[in-house]
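User: I would like to learn how to read the features of a structure like this one. Please take them one at a time.

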Amino acid sequence: MQENSVFYRGWIVVFACFAMTSVGFGFGFYGHSVYLAALTIDNGEEGPGLAIATVSTAVTVYYLASAAIMVFISDLIAKWGPRLFATVGAVTMGISLYLISNTRTVLDVFFAYLAMAPAFAMLTNAAVANIIGPWFVHKRGLAMSLALAGGAVGGVVIVPTLVWVSGQLTFSAALQTISTI
């Protein structure tokens, strides 16, 4: 079947990559504003009261680590296959969210963010390009655009949902609940 057909299996791959980027960007890019606010609050049970500079430095280290990991994305997809690769990325994101929910010290915040670095690398641009690339030739630009639009949807859906759930529970309970889904 040709990639011009709506029944072409590559479009299912695009949908899966849309979901990947929704999670990857929603939690791994846009979610930092929520994490920063929650981790720097010092009111007992709600937050550990870390310095803004500490959390910001952890985020910077996170982005540097993610960029370094992206160099190996193509090799990992070739070795594990796209399904296992994406599954490992999603599970790693869940684990890192759980770690962020339990952050109490400076060491905790760096450990949690370094755990999130491979998840972000495995669920965003480099991964999507390597997964979609073999499926499309003529419609590759359209396929990539649709898959990466998931990142914007993740920002629009995940962050407000996280804020709302945090308001109903606590930040820690919200992330722990979300990380188990």
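Analyst: Start with contact, which means heavy atoms within 4.5 Å. Among contacts in this chain between residues at least 6 apart in sequence, 74% join residues at least 24 apart. The model is predicted: local features need pLDDT of at least 70, side-chain atom pairs count only at pLDDT 80 or more, and totals for chains, interfaces and linings use all residues. Residues are numbered from 1 along each chain as its sequence is written, and side-chain values use heavy atoms, with hydrogens and water left out.

User: How many helices and strands does the chain have?

Analyst: Helices (H or I, at least four residues) and strands (E, at least two) are DSSP runs, numbered from the N terminus. Here there are nine helices and zero strands.

User: How is the radius of gyration of the chain to be read?

Analyst: The radius is taken over C-alpha atoms, and the globule rule is 2.2 Å times the number of residues to the power 0.38. For this chain of 181 residues the rule gives 16 Å and the radius is 17 Å, close to that value, so the chain is as compact as a globular protein of that length. Along the principal axes, the C-alpha atoms fill a box of roughly 60 × 30 × 25 Å.

User: What share of the residues counts as buried?

Analyst: Buried means under 20% relative accessible area, exposed over 50%, and partly exposed in between (1.4 Å probe, protein chains only). Of the 181 residues, 45% count as buried.

User: Is Gly89 buried or exposed?

Analyst: Gly89 is buried, with a relative accessible area of 0%. Gly89 is in helix α5 and, neighbours within four places in sequence aside, is in contact with Ala119, Met122 and Leu123.

User: Which residues does Thr92 touch, not counting those up to four places away in sequence?

Analyst: Thr92 touches Ala115, Pro118 and Ala119 on that count. Thr92 also sits in helix α5, which covers residues 82-101, and is buried at a relative accessible area of 18%. Between Thr92 and Met122, 30 residues apart in sequence, the C-alpha distance is 9.2 Å.

User: Which residues form the aromatic cluster?

Analyst: Rings of Phe, Tyr and Trp (its six-membered ring) pair if their centres lie within 6.5 Å. The whole structure has 13 aromatic pairs. One cluster is formed by Phe25, Phe29, Tyr30, Tyr62, Tyr63, Tyr113 and Phe120.

Notes:
Phe/Tyr/Trp six-rings, centres within 6.5 Å; stacked < 30°, edge-to-face > 60°.
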